[in-house]
Amino acid sequence: MVGPSELLAAFVMIAITGYLVWTVLGIRQRRMKFATDGGDDYSGEAKEPTALINPDEEALEDMGQLLEQAGFSMPEEE
């Protein structure tokens, strides 16, 4: 036979499960709305593309260091 404490525990667990499902569905709805509204303005384009055409010496040195850290090495120019 099911006692009152077991019945109460089952009811509380069902209520918690319902609340969690409702919360997850609410978050899902907000994310879908954000995605369809075009909430992300990132286009992937540089703000000043002309500044990237002629890199300065410091940028070239930094790039060389990053390439060396990645294991890529260029033969020295003579």
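The chat below goes through a predicted model of one protein chain.

User: What secondary structure does the protein chain have?
Analyst: Two helices and zero strands, taken as DSSP runs (H or I, at least four residues, for helices; E, at least two, for strands) and numbered from the N terminus. Residues are numbered from 1 along the chain as its sequence is written. As the model is predicted, local features need pLDDT of at least 70 and side-chain atom pairs pLDDT 80 or more, while totals use all residues; side-chain values use heavy atoms, without hydrogens or water.

User: How many residues does helix α2 have, and what is its reach?
Analyst: Helix α2 covers residues 57-69, 13 residues, and reaches 18 Å from first C-alpha to last, close to the 18 Å expected (1.5 Å times one less than the number of residues).

User: What comes just after α2?
Analyst: G71, with a positive phi of about 95 degrees.

User: Different topic. What share of the chain is buried?
Analyst: Buried residues make up 0% of the 78 residues (buried is under 20% relative accessible area, exposed over 50%, partly exposed in between, with a 1.4 Å probe and protein chains only).

User: Is L8 buried or exposed?
Analyst: L8 is exposed, at 54% relative accessible area, and sits in helix α1, residues 4-36.

User: How many aromatic pairs are there?
Analyst: One aromatic pair, counting Phe, Tyr and Trp (six-membered) rings with centres within 6.5 Å; planes under 30 degrees apart are stacked, over 60 edge-to-face, the rest tilted. The rings of Y19 and W22 have centres 6.1 Å apart and planes at 40 degrees, so the pair is tilted.

User: Where do Y19 and W22 lie?
Analyst: Both are in helix α1, three residues apart, about one turn of the helix. Y19 and W22 are both exposed.
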